[in-house]
Amino acid sequence: MRRLLTPREQRFHDLAAELADEFAQRADQHDRENSFPFENFEKLQSSGYLKITVPEELGGMGASLTELTVAQERLAQGCCSTALAVNMHTSPVGQLASLWRSSRDARLERWLRDVADGRVISASLSAEPGAPLLRHSTCTLTKVPGGYLLNGKKIFCTMSSVMTHFTTMAQFEDPAQGPVVHFFRLPKDAPGIRIIQTWDTLGVRATQSNDMALENVFVPEDAVFHTFPAYTLDGKMLQSVWGWAQPTFAATYLGMAIGGMNAVRAYVLRMKKQNDPHIQQAFAEMEALAETAHALVYRVSEEMASGRILSELEVQEGMARVVLAKYVASQNVTEIMNKAMVVAGGWGYSNRSPMPRYFRDARAATAQPYNLFDAADMIGKTALGVEVLPAVPIAGVTPDRQSFAKAA
């Protein structure tokens, strides 16, 4: 169904639509070739999309979280891989913009201005083999004069093909505090960083989310911008990473499914099958699934943008809230594509149609963090008042309770 957008939302939607329609012409080729769409990122840069979430007063477009979900949804209708990749830049930049608005930190301001000027293309690279994301890290930091030496491995390094800098995390055994997780920024060309070409997957192939080896990489002390105790749910991570990532990932995958619906709708009309009651029923069910996900993603985005999730909910409750948007969207997206493939029939089974790409891309939604099992764990325990991990509240923002279980 057609979205009802505000004038500002329409502005970002129209920008994404123009880009998406062009990217759609190359999406199948990049999928077949397992190649990164460099030309798409040149267009994202020249159009200003890469600075969509930089505050206007710092040279960007000033898109809010809700406005970014609108844009990402439309962009993914053309090429899901491109939209997923750029989300690893636009969402983290939006996270830093929200922190800058509350702190007016000079370092954040310089970083955001560099993004607006095109000097920085950033990526958020935190995934590791065998480590629950943003709770602890298998990468290690060893103290040396002036900073740390970083060693370890990152996986799913989306945007690594075009980034100039990236943010990531690693664990440090602090003599006084015990194990802590440091978040920091690094340039891509720092000595000891090596991208390993491993990406050959079922779907979202053009993201080229390859592995990264980190061997004695020097991390200056002033590159560290946040620290929290390992094995906790950190409120700052909710305020920044998860509060933005979950709704925008949900919107991106939802846009991909709508792209698949649009493709099969065009096929149905071309074949004059629109009066078939079975096809009408399938479209009714697909629309209901899409609109259900829309409603939840929009609500959660607005609750994050207003600050209510942070100010009125305990950290674990807030985490469960934003994760729920991604959880529902992921399942609805895969079900939409299941139904779309039934409607498409033999045409949809052919690689001459875009339907196999849409179908395969949808499968990534259930695996990308929070995957369905981790999301269900977070949501189910929260519903029953069971603590997932000790929480670190945001001082002066989130309710400061001793534990979620006691508060419940």
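The structure is a predicted model, in which local features need pLDDT of at least 70, side-chain atom pairs count only at pLDDT 80 or more, and totals for chains, interfaces and linings use all residues. Residues are numbered from 1 along each chain as its sequence is written, and side-chain values use heavy atoms, with hydrogens and water left out. Helices (H or I, at least four residues) and strands (E, at least two) are DSSP runs, numbered from the N terminus.

**Helix H5**

- Helix H5 covers residues 106-116, and its buried residues are Leu-108, Trp-111, Leu-112, Val-115 and Ala-116. Buried means under 20% relative accessible area, exposed means over 50%, and partly exposed lies in between (1.4 Å probe, protein chains only).
- The buried residues of H5 line one face of the helix, because they fall within an arc of 140 degrees when seen down its axis. The arc is taken from the directions from the helix axis to the C-beta atoms.
- An α-helix has 3.6 residues a turn, so residues three or four places apart point the same way.
- The cover over the buried residues of H5 includes helix H4 (80-103) and the strands S1 (122-124), S4 (165-174) and S5 (178-187).

**The largest pocket**

- The largest pocket holds about 910 Å³ of space. On a 1 Å grid over the protein atoms alone, a pocket is an open set of points where a 1.4 Å probe fits, with protein on both sides within 12 Å along at least five of seven lines. Grid points are joined across faces, edges and corners, and the volume is the space filled by probe spheres set on the points.
- The lining of the largest pocket has 41 residues, and those closest to the centre are Ala-127, Phe-156, Ala-367, Gln-368 and Pro-369. A lining residue has an atom within 4 Å of a point.
- Two or more lining residues come from each of H4, strand S3 (147-157), helix H6 (235-270), helix H10 (355-363) and helix H11 (372-383). H4 gives the most, with 6 residues.
- The lining of the largest pocket has 23 nonpolar, 12 polar and 6 charged residues. Here Ala, Val, Leu, Ile, Met, Phe, Trp, Tyr, Cys and Pro count as nonpolar, Asp, Glu, Lys and Arg as charged, and the others, Gly among them, as polar.

- Thr-252 is in helix H6, and Thr-252 counts as buried because its relative accessibility is 0%.
- Apart from neighbours within four places in sequence, Thr-252 is in contact with Gln-72, Ala-76, Cys-80, Ala-83, Leu-84 and Asn-87. Contact means heavy atoms within 4.5 Å.
- Leu-254 is also placed in helix H6 and is buried, with a relative accessible area of 0%.
- Leu-254 and Cys-80 are 174 residues apart along the chain, and their C-alpha atoms are separated by 9.7 Å.
- Not counting residues up to four places away in sequence, Leu-254 touches Glu-73, Ala-290, Ala-293, His-294 and Val-333.

**Loops and backbone angles**

- In the loop between H10 and H11 lies Tyr-370. The peptide bond from Pro-369 to Tyr-370 is cis, with omega near -15 degrees.
- Gln-208 is in the loop between strand S6 (193-196) and strand S7 (210-220). Gln-208 is not a glycine, yet has a positive phi of about 50 degrees, and is buried at a relative accessible area of 7%.
- Arg-205 is found in the loop between S6 and S7 and is buried, with a relative accessible area of 14%. Among the residues that Arg-205 touches are Asp-31, Asp-200 and Arg-360.
- Lys-272 lies in the loop between H6 and helix H7 (277-306). Lys-272 has a positive phi of about 55 degrees although it is not a glycine, and counts as exposed at 69% relative accessibility.

**Pro-229 in strand S8**

- Pro-229 is in strand S8 (residues 224-229) and counts as partly exposed at 37% relative accessibility.
- Pro-229 and Phe-172 are 57 residues apart in sequence and 9.7 Å apart in space, C-alpha to C-alpha.
- Leaving out residues up to four places away in sequence, Pro-229 touches Pro-179, Val-180 and Val-392.
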